[in-house]
Amino acid sequence: MEADFIIVGAGSAGCALADKLTADGRYRVLVLEAGGSDRRFWVQVPLGYGKLFYDKELNWAYATAADAGLDGRSDYWPRGKILGGSSSINAMVYIRGQAADYEDWAAAGNPGWGWDDVLRVYKAMEDNEDGGDELHGSGGPLHVSDVSDRIHPLCRAYLAAAEEAGLSFNPDLNGAHQAGAGIYEITTFKGRRNSAARAFLYPAVKRGGVETVTNAHVTRVLFEGKRASGVEYLKGGETRTATARREVILAGGAVNTPQILQLSGIGPGALLQALGIALVTSNANVGRHLQDHLGINYTYRSRQPSLNNVLRPWWGKLMVGLQYLITGSGPLSLSLNQGGGFFSTDAERTKPNMQLYMQAITTTVPGVGERPLLTPDPFPGFSLGLSSCRPRARGFIEITSDDPLAAPRIVPNAYGHADDINEMLAAVKFLRHLASMPSLASIIEEELLPGPEVTGDEALVHDIRRRSGTVYHPSCTCRMGPDAASAVVDPRLRVHGIEGLRVADASIFPNIISGNTNAPAMMVGIRAGELICEDHAP
Ligand SMILES: Cc1cc2nc3c(=O)[nH]c(=O)nc-3n(C[C@H](O)[C@H](O)[C@H](O)COP(=O)(O)OP(=O)(O)OC[C@H]3O[C@@H](n4cnc5c(N)ncnc54)[C@H](O)[C@@H]3O)c2cc1C
């Protein structure tokens, strides 16, 4: 097989990139995706999220190394292995982050990645249900839904309590400022998940110029000297190769892209030599600088009905199922995260450092390996969740053998910096303060998790370590920067020291952004397409 460009991975960034590269009809693009089709009922139904969480048919389902910061536990890391990648299994919250996050990207030596630069890309990619303005786009390929008139009534109590706790209502969490409590916009269209595959890849394939091969697991990049010439991949038990006339672009995500680079001989020299992998170029940063958001939920039994009341009984399931099938609306058409927000854990900070989630549903009963959102607790309940915005700890990802099918070792180093645990401690105290406000206190019957007996800093920190985990935003493992001594790709996303090879996915973030990472990953895909087209302009 041969194409002008080969994209490895049809995830959030890969799909957006395929669309951009073929927009003017000049190039032929081959997209190789390890997973299969997204034509599955529970992928398209937004609340089907719960059904995909542990499904190994469409999820890489990684387990991290035991982490001291998580009380010695291994954390579960779902990642999409399907057309659309993680955007086909995620919770669909649409957040772009703070302007300052991107100013930090530019300040790290990456011209063209500041807030004004990326805002232009965001606006072009969006089709916001509320229309476009100086901060939002309309008419773009990605549908962003405003569901504020469809949320569960308990979310109103959450918003009122936030106001009582001093966190004002923010009508637009992607607006001029992030601080405040509000309702998340979500990436759905007419009640269906609007993954990157649906927004970008399908239209691009229809237009022409893109060939997608599913169940194609890329095992390594092929080189002629220091120039990437193609890739090797496994399909149906056979090893095949594909040739890139111009470039190979890795878009395998923050776990798999560093893995593929390392397997291909680009990574920490000593590690690769120890595993018998021929070194193409030594770069100690491949797989390093891993950043992720950690989260924890506080869960309450409620005096008022929650989604548990309709999603648990058979008649409720039937009702919401029919509602969804007939009208495309109701709980199945929404994310489990409805209420949200951002706040600062201390008054000194000028920007929020903590994110909030309000879920009008609880699943305290199931154990490991289950996330039955459609069979929640047999009593009304809701959860208030937290996740950090810009944690300071850094983890890493590295291969442990030259077997491309072996999972890499993921070391999150959760709460590996004292600031991270301190801000989470302050945040859980705020969460309890929020829950004690009249609008919530009046409807809370009891705190189920961690439970009212857990008090005092030591016990709260122990609970944080015991119960918290990833909120599925790993990034920065092939970070962008001008210097090969501290980065993997340059500001045009070219792998340092190699020709014809770029990276375009969440692994290139120089720092994680304050918020969910799907929108930024898609933005990176589009921006990569712009840069590549510029560099190959006749
Ligand atoms: C459970 C969950 C919930 C989330 N919720 C939200 C949310 O509500 N809002 C939000 O903004 N973000 C959310 N995220 C995060 C967001 O979806 C990801 O950050 C984003 O999708 C990452 O995009 P990416 O392009 O970097 O990687 P991915 O979208 O993961 O794409 C990588 C693709 O590459 C493929 N691939 C990997 N290795 C190979 C190989 N060797 N050969 C061929 N193909 C390969 C993968 O199968 C995958 O399709 C969530 C993520 C998860 C997992």
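**Close-up 1. Helix α4 and its buried residues.** Helix α4 spans residues 99-107, and D101, Y102 and W105 are buried there. Buried means under 20% relative accessible area, exposed means over 50%, and partly exposed lies in between, with a 1.4 Å probe and protein chains only. Helices (H or I, at least four residues) and strands (E, at least two) are DSSP runs numbered from the N terminus. The buried residues of α4 fall within an arc of 90° when seen down its axis, so they line one face of the helix. The arc is that of the directions from the helix axis to the C-beta atoms. The cover over the buried residues of α4 includes α5 (115-125) and α15 (518-535); contact means heavy atoms within 4.5 Å. G109 follows α4 and has a positive phi, near 100°.

The model is predicted: local features need pLDDT of at least 70, side-chain atom pairs count only at pLDDT 80 or more, and totals for chains, interfaces and linings use all residues. Residues are numbered from 1 along each chain as its sequence is written, and side-chain values use heavy atoms, with hydrogens and water left out.

**Close-up 2. Helix α14 and its buried residues.** L460, D463 and I464 are the buried residues of α14. They lie on the same side of α14, because they cover an arc of only 100° around the axis. Among the elements that cover them are β18 (294-302) and α12 (418-435).

**Close-up 3. The cis peptide bond at P450.** L449 and P450 are joined by a cis peptide bond, with omega about 5°. P450 sits in the loop between β24 (444-449) and α14 (457-467).

**Close-up 4. A nonpolar patch on the surface.** The patch is formed by F41, W314, W315, L318, M319, L322, L325 and I326. Together these residues have about 970 Å² of accessible area. Areas come from the Shrake-Rupley method with a 1.4 Å probe, and for residues only the protein chains shown count as cover. Patch residues have over 30% relative accessible area and no salt bridge; like charges are joined within 9 Å, nonpolar side chains (Val, Leu, Ile, Met, Phe, Trp, Tyr) within 5 Å. A salt bridge is a side-chain nitrogen of Lys or Arg within 4 Å of a carboxyl oxygen of Asp or Glu. Helix α11 (residues 314-327) gives the most to the patch, with seven residues. W315 lies in α11. W315 counts as partly exposed because its relative accessibility is 45%.

Close-up 5. M92 is not a glycine, yet its phi is positive, about 70°. The loop between β4 (76-77) and β5 (93-94) holds M92. With a relative accessible area of 2%, M92 is buried. N215 is not a glycine either, and its phi is positive at about 55°. N215 is found in the loop between β12 (210-213) and β13 (217-224). At 42% relative accessibility, N215 counts as partly exposed.

Close-up 6. A disulfide is a pair of cysteine sulfur atoms within 2.5 Å. The count by this rule is zero disulfides. C389 is in no disulfide; its nearest cysteine sulfur belongs to C476, 14 Å away. C389 counts as buried, at 1% relative accessibility. C533 is in no disulfide either, and the nearest cysteine sulfur, that of C15, is 17 Å away. C533 counts as partly exposed, at 23% relative accessibility.
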